[in-house]
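Hi,

Here is the structure I promised to pass on to you. Please open it alongside this email, and then read on for what I found.

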Amino acid sequence: MDFLAQKKEYRFKNIENQVCRVHTHLAINNNNLKVWRENDDKKSRKATKLIMDSLQDDNKYMFPDLVIVSSKYLKVVAETVKSFV
């Protein structure tokens, strides 16, 4: 199946309530793991491979959806996660 055809939008709010939209495509779809990527560049592919290599033996666990974004969104995502904790 062509995973690039499956798309999803993630929305994050920073501490100033500004909305940041990240458009992603499905990179991995296993029974227990979905990885969404914003880009299909070398760094994103390498991060996806690292995740798969790290989690290949953990088939008994269910994981939340993972989203790989470019570094320009990291501050917004970190602020969003911090507000939930």
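Predicted model: local features only at pLDDT ≥ 70, side-chain atom pairs only at ≥ 80, totals over all residues.

Residues are numbered from 1 along each chain as its sequence is written, and side-chain values use heavy atoms, with hydrogens and water left out.

**The whole chain**

The protein chain has two helices and four strands, and from the N terminus they run β-β-β-α-β-α. Helices (H or I, at least four residues) and strands (E, at least two) are DSSP runs, numbered from the N terminus. Of the 85 residues in the chain, 31% are buried; here buried means under 20% relative accessible area, exposed means over 50%, and partly exposed lies in between (1.4 Å probe, protein chains only). The chain exposes about 6400 Å², with carbon and sulfur atoms supplying 54% of it; these areas come from the Shrake-Rupley method with a 1.4 Å probe, and for residues only the protein chains shown count as cover. Among contacts with a separation of 6 or more, 44% are between residues 24 or more positions apart, where contact means heavy atoms within 4.5 Å.

**Helix H1**

Helix H1 covers residues 42-55, and its end C-alpha atoms are 20 Å apart, in agreement with the 20 Å that its 14 residues should span at 1.5 Å a residue. That expected span is 1.5 Å times one less than the number of residues. The buried residues of H1 are Ser44, Thr48 and Ile51. They sit on the same side of H1, because they cover an arc of only 60 degrees around the axis; the arc is that of the directions from the helix axis to the C-beta atoms. In general, an α-helix has 3.6 residues a turn, so residues three or four places apart point the same way. The buried residues of H1 pack against strands S2 (19-29), S3 and S4. On the face turned away from the buried side are the exposed residues Lys42, Lys43, Lys46, Lys49, Leu50 and Ser54.

Arg37 is in strand S3 (residues 34-37) and is buried, at 9% relative accessibility. Its side chain makes a polar contact of 3.0 Å with that of Thr48. A polar contact is a pair of N or O atoms within 3.5 Å; within protein, one must be able to donate a hydrogen and the other to accept it, and residues adjacent in sequence count only if both atoms are side-chain atoms. Ile68, in strand S4 (residues 66-68), is also buried, with a relative accessible area of 12%. Leaving out residues up to four places away in sequence, Ile68 touches Val35, Trp36, Arg37, Glu38, Ser44, Ala47, Thr48 and Ile51.

**The nonpolar cores**

A nonpolar core is a set of buried Ala, Val, Leu, Ile, Met, Phe, Trp, Tyr and Cys residues joined through side-chain atoms within 4.5 Å. The largest one has eight residues: Tyr10, Phe12, Cys20, Val22, Leu26, Trp36, Val69 and Tyr73. Strand S1 (7-13) and S2 are the elements that give two or more residues to this core, and S2 supplies the largest share, three residues. Apart from it lies another core of six residues, including Ala27, Ile28, Val35 and Ile68.

Tyr73 belongs to the largest core and is placed in the loop between S4 and helix H2 (74-84). Tyr73 is buried, with a relative accessible area of 15%. The C-alpha atoms of Tyr73 and Cys20 are 8.1 Å apart, although 53 residues separate them along the chain.

Thr24 lies in strand S2 and is buried, at a relative accessible area of 4%. A polar atom of its side chain is 2.9 Å from the backbone oxygen of Lys8. Val67, in strand S4, is partly exposed, with a relative accessible area of 29%. Setting aside neighbours within four places in sequence, Val67 is in contact with Tyr10, Thr24 and Trp36.
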